[in-house]
Amino acid sequence: FQGIFVLGLPYALLHSGYSGLFLIILAAALCCYTGKILIACLYEENEDGQLIRVRDTYEDIANACCKKLSPKLGGIFVNVTQVMELIMTCILYVVVSGNLLSHSFPYVPVTEKTWSVIAFVTLLPCVFIKTLKIVSKLSQLCSLVHFIIILVVMIYCLTQIHRWSWAKFRLSVEFEDFLVSVGVIIFSYTSQIFLPTLEGNMKNPGEFRCMLNWTHFFACVLKTTFALTAFLTWGEETKEVITDNLPSFLQTLVNLCLLTKALLSYPLPFFAATEIVYACISRGNHSNYRSPLFALGVRGSFLLLTLLMAMFIPHFALLMGLTGSVTGAAMTFLLPSLFHLKLKWKKLSFLEKCADITVFILGFLCSIAGIVCSIKGLLEVFR
């Protein structure tokens, strides 16, 4: 919940004003709700009325919903969406790495794209990662670095409290800028693809709903506090990556910490995406697809893809908004509500049905509008 993309939230407030604060809270509530109904789809009642876990993954839920059309259709769609989101996340890490290096060493005559290539070179060993053991150790270091970064930014903002002014907030906002902000905020909360595995590995799965409530509550409080203090400090000067606003003596230090965090964060979504693709390809009886060399080729291809995409779309906030609008909205709002209605329709109350339909409609409208506005923004940048 508190990943590197939290750094884009102050910029989202710049373009959404007071409504952005409401959106951060609303997104937390909606994401918490869809997380609960997604997990509910894993269970069915037995003859004694007890809930039994009959499905294990997001893919299983999708297949159960689409089994009349095709036994594998739902799973294929979910896997494609998951891979898109994970690869987009990897691309964002490469983009932000180039941005951080560029601002850390402005006196070096190197373009931001070149810095992205330099950062990419350090990621090449990812093609040799075969298990989650290495990824988990890297993620542990990543979490430590993240808290140091947030602490430094917050402390600096608090020292500038004399500059704070609520007048910096907009009462009216541009509709298109607002929709891009919606995508950014949604993307900062997305976690649904990991929830079935998380719930299945809990010592006491009965505490899942309580855990989800508390984690979303604290995530909401931390996101709101961080975004608010940063925006009140810099106002209209707020940049896409908030650390670019820090004074030079802090900026280089924090940017290097962020670079470390971005590079340490990259292996997890990369590993997850390549494992999904490799599993889908090698699911048949084709022995050629099970060879270590083929797995290496899949990982190498994905690694190269993230670099090429990062080179062509080097805009952190716009790319983050597009990702949130496309895959984030689908995995977080559209599919959980649709699957819940499909699998539990006869057992849902009228209010529960209304809630699911409302979430689906909101997710659909935000997704379509966000896609259009993000693409339009990217086209304007390229022009």
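Trainee: Which residues does Phe302 touch, not counting residues up to four places away in sequence?

Mentor: Phe302 touches Val83, Ile87, Phe270, Thr274 and Val277 once those sequence neighbours are set aside. Please keep in mind, as we go on, that this is a predicted model. The place of Phe302 is in helix α12, which runs over residues 292-312.

Trainee: How far apart are Phe302 and Ile87 in sequence and in space?

Mentor: Along the sequence 215 residues separate Phe302 from Ile87, and yet in space the two lie 7.9 Å apart, taken from C-alpha to C-alpha. For a contrasting pair, look at Val80, a residue found in helix α4: Val80 and Trp345 are 265 residues apart in sequence, and their C-alpha atoms are 26 Å apart in space.

Trainee: Is Phe302 buried or exposed, and why?

Mentor: The general idea is a cut-off, since a residue is called buried when its relative accessible area is under 20% and exposed when this is over 50%, with partly exposed in between. Phe302 has a relative accessibility of 14%, and therefore counts as buried. Val80, by contrast, has a relative accessible area of 45%, so that residue is partly exposed.

Trainee: Where is Lys168, and what is it in contact with beyond four places in sequence?

Mentor: Lys168 sits in the loop between α6 and α7, and with a relative accessible area of 21% it is partly exposed. Leaving aside neighbours within four places, Lys168 is in contact with Arg163 and also with Phe231, Leu232, Thr233, Trp234, Gly235 and Glu236. One of these, Leu232, is 64 residues away along the chain, while the C-alpha atoms of Lys168 and Leu232 are separated by 6.9 Å.

Trainee: How many of the residues of α3 are buried?

Mentor: Seven of the eight residues of α3 are buried, and the helix is thus mostly covered. Among them are Tyr58, Ile61 and Cys65, and also Glu59, whose relative accessibility of 17% explains why it counts as buried. The side chain of Glu59 makes a polar contact, at 3.4 Å, with the side chain of Asn79.

Trainee: What does the side chain of His216 reach?

Mentor: His216, which lies in helix α9, has a side chain that reaches the backbone oxygen of Leu212 at 2.9 Å. His216 is a further buried residue, because its relative accessibility is 3%.

Trainee: How far apart are the end C-alpha atoms of helix α10, and what span should its 18 residues have?

Mentor: At 1.5 Å a residue, the 18 residues of α10 (residues 248-265) should span 26 Å, and the end C-alpha atoms are 25 Å apart, which agrees. The buried residues of α10 include Leu250, Val254, Leu258 and Ala262, and what covers the buried residues of this helix includes α4, α6 and α11.

Trainee: How much space lies in the second largest pocket, and which residues lie nearest its centre?

Mentor: Rolling a probe the size of a water molecule over the atoms shows where empty space is left. Here the second largest pocket holds about 490 Å³ of space, and of its 18 lining residues, those nearest the centre are Lys36, Ala40, Leu51, Arg209 and His340. Helices α2, α9 and α13, together with strand β1, each supply at least two residues of that lining, and α2 gives the most, with five residues. Sorted by class, the lining has nine nonpolar, two polar and seven charged residues.

How values were computed. Residues are numbered from 1 along each chain as its sequence is written. This is a predicted model: local features need pLDDT of at least 70, side-chain atom pairs count only at pLDDT 80 or more; totals for chains, interfaces and linings use all residues. Side-chain values use heavy atoms; hydrogens and water are left out. The expected span of a helix is 1.5 Å times one less than its number of residues. Buried means under 20% relative accessible area, exposed over 50%, partly exposed in between (1.4 Å probe, protein chains only). Contact means heavy atoms within 4.5 Å. On a 1 Å grid over the protein atoms alone, a cavity is a set of points where a 1.4 Å probe fits but cannot get out, and a pocket is an open set with protein on both sides within 12 Å along at least five of seven lines; lining residues have an atom within 4 Å of a point. Grid points are joined across faces, edges and corners, and a volume is the space filled by probe spheres set on the points. Ala, Val, Leu, Ile, Met, Phe, Trp, Tyr, Cys and Pro count as nonpolar, Asp, Glu, Lys and Arg as charged, and the others, Gly among them, as polar. A polar contact is a pair of N or O atoms within 3.5 Å; within protein, one must be able to donate a hydrogen and the other to accept it, and residues adjacent in sequence count only if both atoms are side-chain atoms.
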